[in-house]
Amino acid sequence: QVQLVESGGGLVQAGGSLRLSCAASGRTFSNYAMGWFRQAPGKEREFVAAISRNGGTTLYTDSVKGRFTISRDNAKNIVYLQMNSLKPEDTAVYYCNAQTTVYSRNSLYNWGQGTQVTVSS
């Protein structure tokens with residue numbers, strides 16, 4: 001079973017930046033697309049961004065387009081989420097997971113603990 005460990009969250013003022021990391025155990029990391037998801041208090045978990053196995057295709061939910069960038073390092077088994085121009089509505093616990101394809105929006109593994117992002121106004 002692959003384990004996912006998210007890090008890099010924190011408290012930041014509106015307009016600030018954070019870079020999240022997701023480290024995945026196992027030797028099959030490069031076989032899967034990877035996605036970032038988030039869950040705000042009282043809301044369901046939602047898709048944020050995804051990246052294909054080789055990094056050639058990226059997708060974003062409309063609310064983060066132009067502000068967030070997803071990338072991956074297959075040699076290190078890490079996927080990143082660079083978040084710029086953060087807004088209070090970005091406040092949530094952020095999670096990563098593997099997906100069947102970059103378009104799938106599914107989650108193949110057990111969720112990790114996530115990393116909290118709090119954006120103050």
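## Strands around β10

Strands β9 and β10 pair in the antiparallel sense over three bridges, where two strands are said to pair if DSSP finds at least two bridges between them. Within this pairing, Ala-92 stands opposite Val-117 in β10. Strand β2, residues 10-13, is joined to β10 by four bridges, and these two run parallel; here Val-12 stands opposite Val-119 in β10. The strands named here are DSSP runs (E, at least two residues), numbered from the N terminus.

This is a predicted model, in which local features need pLDDT of at least 70 and side-chain atom pairs count only at pLDDT 80 or more, whereas totals for chains, interfaces and linings use all residues. Residues are numbered from 1 along each chain as its sequence is written, and side-chain values use heavy atoms, with hydrogens and water left out.

In a regular strand the side chains alternate between the two faces of the sheet. Buried means under 20% relative accessible area, exposed means over 50%, and partly exposed lies in between, with a 1.4 Å probe and protein chains only.

Strands of a sheet pair through backbone hydrogen bonds, either parallel or antiparallel. Four strands form an open sheet in the order β1-β3-β8-β7, and the pairing is antiparallel. The edge strands are β1 (4-7) and β7, each of which pairs on one side only. On average, neighbouring strands of this sheet are turned by 15 degrees against each other, direction ignored; the axes are lines fitted to C-alpha atoms, and angles run from 0 to 180 degrees between N-to-C directions.

Between β1 and strand β3 (residues 18-24) there are four bridges, and the two strands run antiparallel. Ser-7 has Ser-21 in β3 as its bridge partner.

## Salt bridges

The structure holds four salt bridges, each defined as a side-chain nitrogen of Lys or Arg within 4 Å of a carboxyl oxygen of Asp or Glu. In one of them, Asp-90 is joined to Arg-67, with the closest N and O atoms 2.8 Å apart. Asp-90 lies in the loop between β8 (78-83) and β9 (92-99), and Arg-67 lies in the loop between β6 (58-60) and β7 (68-73), so the pair ties together parts that are 23 residues apart in sequence. Asp-90 counts as buried at 1% relative accessibility, and Arg-67 counts as buried at 9%.

Glu-46 and Arg-38 also meet through their side chains, at 2.7 Å from N to O. Glu-46 is partly exposed, with a relative accessible area of 37%, whereas Arg-38 is buried at 5%. Arg-38, Glu-46, Arg-67 and Asp-90 are linked in a network of salt bridges. Another salt bridge, 3.0 Å from N to O, joins the side chains of Asp-62 and Lys-65; Asp-62 is exposed at 61%, and Lys-65 is partly exposed at 48%.

## The surroundings of Gln-99

Gln-99 lies in strand β9 and is buried, with a relative accessible area of 0%. Its side chain reaches the backbone oxygen of Thr-101 at 3.0 Å, and a polar atom of the side chain of Gln-99 lies 3.5 Å from the backbone oxygen of Val-102.

Leaving aside neighbours within four places in sequence, Gln-99 is in contact (heavy atoms within 4.5 Å) with several residues, among them Tyr-32, Phe-37, Phe-47, Arg-105 and Leu-108.

Technical notes. Polar contact = N/O pair within 3.5 Å; in protein donor to acceptor, adjacent residues only side chain to side chain.
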